[in-house]
Amino acid sequence: MGKLEETFGALPVWLAAENGVYVRPPKDKDLPEEWKCLFDTLPKEWMESVQLVLDYFCERTPRSFVEVRDTSLVWNYKHADVEFGRLQARDLLQHLWTGPISNAPVEIIQGGRSVEVRPVGVTKGLAMQRILGYMATIRGRQAVHFDLVLCIGHLLARDENMYLLFEGHKLEGVTRADLRAAVQQAAPTSHNISSSTPTPAAAAAGAGTGSAAAAAAGGQTPP
């Protein structure tokens, strides 16, 4: 998360890290500046045993490395030989499925040159749903009334359910209409924002890298 702060901290945008597990409002005297966890409990007992396996594959795969995050682990082989890295990734998956995660409440996400292990249910779509609710709670329901939502992703397995959320499909039993109704009911009406005030909320809708909007998909670890 330090890199997110360094890159986007001065901009009037919402920042989110670890697939949306943590969120930080834009810097404003009327808003809390600390990072907030949007999930009540996330199991972490599996992380030590999984990291041992990932470290082992780092030794087997030159120029690969492990990203240790607060709620997930990523084995990254983007600097390794492509073909050898893919072979090692397939072997790694077998080791994980038959070993430390066989009964753990986690899921594996395969990237272009990475393997991520994270708790079940931590998705960008669900995180975005919670981010919108949090925004409405502290800024008022008008803060989540958008004329346009630009949603950009770079990996289907990680981003598809975020598209579904904004298209109005069911997301773990909740539709966009359900979310809007809940927001209108829960948000304090006294926290209205003038329609002429630009809202930084759109930044939370991004899911790629290389732009301010990408902050919502960040994988940085909180300090």
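**The aromatic cluster and its surroundings**

Mentor: Start with four residues: Y56, F57, W75 and Y77 are linked into a cluster by ring pairs. Keep in mind that the model is predicted. The count of aromatic pairs comes to four.

How do we describe such a pair? Two values are used: the distance between the ring centres and the angle between the ring planes. Now place the two partners. W14 sits in the loop between α1 (2-8) and β1, while Y134 belongs to helix α4, residues 124-139. The pair therefore ties together parts that are 120 residues apart in sequence. Both W14 and Y134 are buried.

F57 comes from helix α2 and W75 from strand β5. These two residues are 18 apart, and their pair links distant parts of the chain. F57 and W75 are both buried.

One more ring deserves a look. The face of F39 has R130 lying over it, at 4.3 Å from the ring centre.

Strand β5 covers residues 73-76. What does β5 pair with? It runs antiparallel to β7, and four bridges join the two. Within this pairing, L73 stands opposite V117 in β7. Strand β7 spans residues 114-119. Six of its six residues are buried, so the strand is mostly covered. β7 has another antiparallel partner in β6, residues 106-110, with five bridges between them. There, V106 faces P119 of β7. A hairpin of three residues takes the chain from β6 to β7.

Step back to S72. Its place is in the loop between β4 (65-68) and β5. Is S72 buried or exposed? Its relative accessible area is 1%. Buried means under 20%, so S72 is buried. Look at its neighbours as well. Leaving out residues up to four places away in sequence, S72 touches E18, W46, M47, E67, E116, V117 and R118. V117 is the residue that stands opposite L73.

E18 is another name on that contact list. Where is E18? Look in the loop between β1 and β2. Its relative accessibility is 1%, so E18 counts as buried. Its backbone has a feature to note: phi is near 55°, a positive value in a residue other than glycine.

Compare R63, which is in the loop between α2 (47-60) and β4. Its phi is near 70°, again positive in a residue other than glycine. Is R63 buried or exposed? Its relative accessibility is 55%, so R63 counts as exposed. E18, by contrast, is buried.

Three bridges connect β1 with β2, residues 22-24, in the antiparallel sense. In that pairing, L15 has R24 of β2 as its bridge partner.

Along the sequence they follow the pattern α-β-β-β-α-β-β-α-β-β-α-α-α. The chain has 223 residues, and 47% of them count as buried. Its accessible surface is about 11,400 Å², with 52% belonging to carbon and sulfur atoms. Take the contacts between residues at least 6 apart in sequence: 59% of them join residues at least 24 apart. To return to where we began, the ring pairs link Y56, F57, W75 and Y77.

Key: Residues are numbered from 1 along each chain as its sequence is written. This is a predicted model: local features need pLDDT of at least 70, side-chain atom pairs count only at pLDDT 80 or more; totals for chains, interfaces and linings use all residues. Side-chain values use heavy atoms; hydrogens and water are left out. Buried means under 20% relative accessible area, exposed over 50%, partly exposed in between (1.4 Å probe, protein chains only). Contact means heavy atoms within 4.5 Å. Accessible areas come from the Shrake-Rupley method with a 1.4 Å probe; for residues, only the protein chains shown count as cover. Two strands pair if DSSP finds at least two bridges between them. Rings of Phe, Tyr and Trp (its six-membered ring) pair if their centres lie within 6.5 Å; planes under 30 degrees apart count as stacked, over 60 as edge-to-face and the rest as tilted. A charge sits over a ring if NZ of Lys or CZ of Arg is within 6 Å of the ring centre and within 35 degrees of the ring normal.
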